[in-house]
Amino acid sequence: MTNVYLIRLDSPIGRIEVVADDDAVIGLSIEHDGSLPHDDSPERPNAVLERARVELAEYFAGSRTEFDVPVRLDGTAFQQAVWGELARLGWGEAVSYGSLAAAVGRPGAARAIGGAVGANPVPIIVGCHRVLASDGRITGYSGGEGIPTKLWLLGHEQIGFAA
C-alpha cells in the first residue's frame, strides 16, 4: 500500500489541503463552504508536502510564478492530455477551451475539455483557473467557492478576462 500524506495551509482564497504520496503531490483541495475533504484526518507531512507548502506560500505572496514540486495526475488518457496542456501554461497566461481541444487533437470537444479541466486533481499547481471561454469570459470553476476563487486567482496573476 502507498503511503498518503496530508497538510493544510491558510491562503487568501481559504484553507488549502494538499495530499501526496512518497514522491509527488496527488491532490489539492480549496476550502468550500468552510470545509475540506479530509478535515477529519490529522495532518501527516512529508518532504514533498513541505516543499508544496513553501511553493504555495511563495505563489500567494507573488514571488513564485511556476511550481517545481512534483505532481502525479491520475486520470484517463484524455484527461492526462488536457492536464498536460494546462501544465504548460505559465503565470499570467490564459487559454480557451477551444484552443485546448485543438491542442489535444479533439477540435470541437470544448464541453469534454471543460469536464477534464474541472476534474484536475491539483488546481493552482496545474493552472486550470487559466482556462476561459473563447470570448474571454469566465464560465466556471470547480475549486473553492467557484467563480470568486477563480476571479481571485486570475487577478493575482493579472490575467484579463471579459465581463
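The model is a predicted one. The protein holds 5 helices and 5 strands, and from the N terminus on these elements run β-β-β-α-α-β-α-α-β-α. Its radius of gyration is 15 Å, close to the 15 Å that the globule rule gives for 163 residues, so the protein is as compact as a globular protein of that length.

**Overall build**

- Taken along the principal axes, the C-alpha atoms fill a box of roughly 45 × 35 × 30 Å.
- Of the 163 residues in the protein, 46% are buried.
- Among contacts with a separation of 6 or more, 59% join residues 24 or more positions apart.
- The protein exposes about 7,800 Å², and carbon and sulfur atoms supply 51% of that area.

**Helix H1 (residues 47-61)**

- Let's start with the length: at 1.5 Å a residue, the 15 residues of H1 should span 21 Å, and the end C-alpha atoms are 21 Å apart, which agrees.
- The spacing has a simple background: an α-helix has 3.6 residues a turn, so residues three or four places apart point the same way.
- The N-terminal end of H1 is capped by Asn 46, with a side-chain oxygen 3.2 Å from the backbone nitrogen of Val 48.

**Helix H2 (residues 77-88)**

- The same length check works for H2: its 12 residues should span 16 Å at 1.5 Å a residue, and its end C-alpha atoms are 17 Å apart, which agrees.
- Gln 79, Val 82, Trp 83, Glu 85 and Leu 86 are buried in H2. Seen down the axis, these buried residues fall within an arc of 155 degrees, so they line one face of the helix.
- Ala 77 and Arg 88 lie on the other side of H2 and are exposed.
- The cover over the buried residues of H2 includes helix H3 (97-103), helix H4 (110-118) and strand E5 (131-132).

**Val 95, in a strand**

- Val 95 belongs to strand E4 (residues 95-96). With a relative accessible area of 18%, Val 95 is buried, because buried means under 20%.
- Beyond its neighbours within four places in sequence, Val 95 is in contact with Leu 89, Leu 100, Arg 130, Val 131 and Leu 132.
- Gly 108 is 13 residues from Val 95 along the chain, and their C-alpha atoms are separated by 15 Å.

**Glu 31, in a loop**

- Glu 31 sits in the loop between E3 and H1. Its relative accessibility is 17%, so Glu 31 counts as buried.
- Setting aside neighbours within four places in sequence, the contacts of Glu 31 are Gly 14, Arg 15, Leu 36, Gly 144 and Glu 145.

Definitions and conventions: Residues numbered from 1 in each chain as written. Predicted model: local features only at pLDDT ≥ 70, side-chain atom pairs only at ≥ 80, totals over all residues. Heavy atoms only, no water. Helix = DSSP H or I, 4+ residues; strand = E, 2+ residues; numbered from the N terminus. Expected span 1.5 Å × (residues − 1). Polar contact = N/O pair within 3.5 Å; in protein donor to acceptor, adjacent residues only side chain to side chain. Rg over C-alpha atoms; globule rule 2.2 N^0.38 Å. Buried < 20%, exposed > 50% of the residue type's maximum accessible area, 1.4 Å probe, protein only. Contact = heavy atoms within 4.5 Å. Areas by Shrake-Rupley, 256 points an atom, 1.4 Å probe, with all protein chains shown as cover. Arc of directions from axis to C-beta.
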